[in-house]
Amino acid sequence: MLDIIALFRANYAKNVAIDAKNLAVDIHQEANQAQLNVAKGRTDIERLYLLVEALWTILKTSTGLTDEDFVKIVEQLDLQDGKLDGRNATHTVITQCPNCGKTLLKGHRRCAYCQTDVFANAPFRHIGK
């Protein structure tokens, strides 16, 4: 009887060790994927920074605006949500078509019912739930 209990315990310990190893492998894979996502995010941010810098250079040279004007505009936009924190949390979320009033399908630019382009006059809106 003791041999059966000892065998059971040994088998149980072996299964726990296998489960722990599999869990460690899964966690390692998830950590690697998270590192890849962070690296991609950094690349995306660097690309956006480059694009914003290029657009500002074009705008500055074609309009005569100054860097001080730019800073003032950024601060005004930042303060739309009531906080000067480098973010703007007042994104306009569209849930209904402005033309027919029907509920919009998430992620679609056009109303499925009347084909109105919901971004036609507001390029910084996004469609909500």
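Select aspartate 67 to begin: at 40% relative accessibility, this residue counts as partly exposed, a label for values between buried (under 20% relative accessible area) and exposed (over 50%), with a 1.4 Å probe and protein chains only. You are looking at a predicted model, where local features need pLDDT of at least 70, side-chain atom pairs count only at pLDDT 80 or more, and totals for chains, interfaces and linings use all residues. Residues are numbered from 1 along each chain as its sequence is written, and side-chain values use heavy atoms, leaving out hydrogens and water.

**Salt bridges**

Lysine 60 is partly exposed, at 29% relative accessibility.

How many salt bridges does the structure hold? There are two. For the other, pick lysine 40 and aspartate 44, whose side chains meet at 3.0 Å, N to O. Both lie in helix α1 (residues 2–63), four residues apart, about one turn of the helix. Aspartate 44 counts as partly exposed, at 36% relative accessibility.

**Along helix α1**

Colour residues 2–63 to see α1. Helices here are DSSP runs (H or I, at least four residues) and strands likewise (E, at least two), numbered from the N terminus. The 62 residues of α1 should span 92 Å at 1.5 Å a residue, and the end C-alpha atoms are 89 Å apart, which agrees. The expected span is 1.5 Å times one less than the number of residues. Just after α1, stop at glycine 64, which takes a positive phi of about 85°.

**An aromatic pair**

Next, look for ring pairs: rings of Phe, Tyr and Trp (its six-membered ring) pair if their centres lie within 6.5 Å, and planes under 30 degrees apart count as stacked, over 60 as edge-to-face and the rest as tilted. By this rule there is one aromatic pair. Select tryptophan 56 and phenylalanine 70: their ring centres are 4.6 Å apart and their planes are at 35°, so the pair is tilted. This pair links distant parts of the chain, with tryptophan 56 in helix α1 and phenylalanine 70 in helix α2, 14 residues apart.

**A nonpolar patch**

Helix α2 (residues 67–78) gives the largest share, three residues. Valine 74 lies in this helix and is partly exposed, with a relative accessible area of 41%.

**Cysteines and a loop**

Show the cysteine sulfurs next. A disulfide is a pair of cysteine sulfur atoms within 2.5 Å, and by this rule the count is zero. The sulfur of cysteine 100 has its closest cysteine sulfur in cysteine 111, 3.6 Å away, too far for a bond. For cysteine 114, the closest cysteine sulfur is in cysteine 97, also 3.6 Å away and too far for a bond.

Finish at lysine 106, in the loop between β1 (93–94) and β2 (126–127). This lysine 106 is exposed, with a relative accessible area of 57%.

Key: A salt bridge is a side-chain nitrogen of Lys or Arg within 4 Å of a carboxyl oxygen of Asp or Glu.
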